[in-house]
Amino acid sequence: MIDWQSVDTVLLDMDGTLLDLRFDNWFWQRHVPEAYARQLGLPQDEADRIIHDWISSHQGTLNWYCLDFWTDELGLEIARLKSEARDRISVRPGAERFLQRLQQSGKQIIMVTNAHRDALDVKVAQTGIDQYFHELVSSHDYGHPKEAQAFWQHLQRHLPFEPTRALLVDDSLPVLHSAKLYGIGQPVSILHPDSSLPKREHTDPFVAIDDFDSVLP
């Protein structure tokens with residue numbers, strides 16, 4: 001599935017790839033709407049609808065991932081809510097063993113995430129996965145989400161690498177399409193990003209990792 005002999009740089013997403021997306025889906029689909037309903041005294045179904053529609057309207061943009069933006073829009077301290085719920089954050093099965101092997105491989109290992117820096121700080125403090133990376137890159141550093149070609153352009157200027165000899169593992173198909181368009185040599189998806197939901201049947205046209213142990217370098 002992965003041609004490790006052709007990889008010098010490993011680019012890894014965080015949420016849904018290394019960490020279970022169950023936390024983020026619960027946080028935005030249940031926890032935030034419940035907090036919003038309490039704050040405004042709204043019926044829960046109305047708060048659910050408002051938050052869903054609001055978030056959907058920004059999908060794929062940097063605002064969608066920005067805790068500061070949602071704090072201002074919703075009047076909720078989103079970073080504090082994430083920190084208070086940090087015990088729900090978990091590493092996906094086999095991900096840490098995969099990271100350990102990568103660290104031993106001598107390859108350049110870079111986290112590339114759309115997560116806001118405040119969310120990133122909470123998650124690495126909870127899991128300790130930052131220890132395996134040469135660099136942690138948030139799309140907020142560059143002002144463009146990974147779905148945009150500008151993100152990859154900024155990344156290559158910041159941390160020079162050869163795109164054709166890079167592997168990207170990410171659960172987002174739009175991100176993988178963007179990376180492929182930029183020339184990333186091996187874009188690979190995740191078959192089961194959220195443990196509370198069924199596995200995807202496929203992530204065409206991208207191959208997908210189901211078990212990290214099966215693709216150890």
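Visitor: Which residues line the second largest pocket?

Guide: This is a predicted model, and in it the second largest pocket is lined by Asp20, Arg22, Phe23, Asn25, Trp26, Gln29, Arg30, Arg88, Ser90, Asp194, Ser196 and Leu197. Its volume is about 200 Å³.

Visitor: What makes a residue part of a lining?

Guide: A lining residue has an atom within 4 Å of a point of the pocket. The residues listed for the second largest pocket are its lining in that sense.

Visitor: How do the residues of that lining divide into nonpolar, polar and charged?

Guide: In the second largest pocket, three are nonpolar, four polar and five charged.

Visitor: And what is the volume of the largest pocket?

Guide: The largest pocket has a volume of about 900 Å³. Its lining has 34 residues, and Leu21, Asn25, Trp28, Trp64 and Tyr65 are the ones nearest its centre. Two or more lining residues come from each of α1 (22-40), α2 (44-56), α3 (62-65), α4 (67-74), α7 (117-127) and α9 (173-182). By type, the lining of the largest pocket holds 13 nonpolar, ten polar and eleven charged residues.

Visitor: Let's turn to the sheet. What is the order of its six strands?

Guide: The order is β3-β2-β1-β4-β5-β6, in an open sheet with parallel pairing.

Visitor: What makes β3 and β6 edge strands?

Guide: β3 (135-138) and β6 each pair on one side only.

Visitor: How many bridges join β5 to strand β6?

Guide: Two bridges join β5 to β6 (residues 208-209), and these strands run parallel. The cut-off is at least two bridges, so this counts as a pair. Serine 189 has alanine 208 in β6 as its bridge partner.

Visitor: And over how many bridges do β4 and β5 pair?

Guide: β4 (residues 166-169) and β5 pair in the parallel sense over three bridges. Valine 169 has valine 188 in β5 as its partner.

Visitor: What makes β5 mostly covered?

Guide: Five of the five residues of β5 (residues 186-190) are buried, and buried means under 20% relative accessible area. Gln186, Val188 and Ile190 point one way, while Pro187 and Ser189 point the other way. In a regular strand the side chains alternate between the two faces of the sheet.

Visitor: Which residues cover the faces of β4?

Guide: Both faces of β4 are covered: Ala166 and Leu168 are buried on one side, and Leu167 and Val169 are buried on the other.

Visitor: Why is β2 called largely enclosed?

Guide: Because five of the six residues of β2 (residues 108-113) are buried, the strand is largely enclosed by the rest of the structure. β2 pairs with β1 in the parallel sense over four bridges, and valine 10 has isoleucine 109 of β2 as its bridge partner. β2 also pairs with β3 over four bridges, again in the parallel sense, with threonine 113 opposite serine 138 of β3. Together β2, α7 and β3 make a right-handed β-α-β unit.

Visitor: Why is phenylalanine 98 called buried?

Guide: Phenylalanine 98 has 0% relative accessibility, so it counts as buried; the cut-off is under 20%. This residue lies in helix α6 (residues 95-105). Leaving out residues up to four places away in sequence, phenylalanine 98 touches Trp4, Leu12, Phe212, Val215, Leu216 and Pro217. Leucine 216 is 118 residues from phenylalanine 98 in sequence, yet their C-alpha atoms are 5.9 Å apart.

Visitor: One last point: where is proline 205 found?

Guide: Proline 205 is in the loop between β5 and β6. The peptide bond from aspartate 204 to proline 205 is cis, with omega near 5°. Most peptide bonds are trans.

Technical notes: Residues numbered from 1 in each chain as written. Predicted model: local features only at pLDDT ≥ 70, side-chain atom pairs only at ≥ 80, totals over all residues. Heavy atoms only, no water. 1 Å grid on protein atoms, 1.4 Å probe; cavity = no way out; pocket = protein on both sides within 12 Å on 5 of 7 lines; lining within 4 Å. Points joined across faces, edges and corners; volume = space filled by probe spheres on them. Nonpolar A, V, L, I, M, F, W, Y, C, P; charged D, E, K, R; others polar. Buried < 20%, exposed > 50% of the residue type's maximum accessible area, 1.4 Å probe, protein only. Contact = heavy atoms within 4.5 Å. Right-handed = clockwise from strand over helix to strand, strands pointing away.
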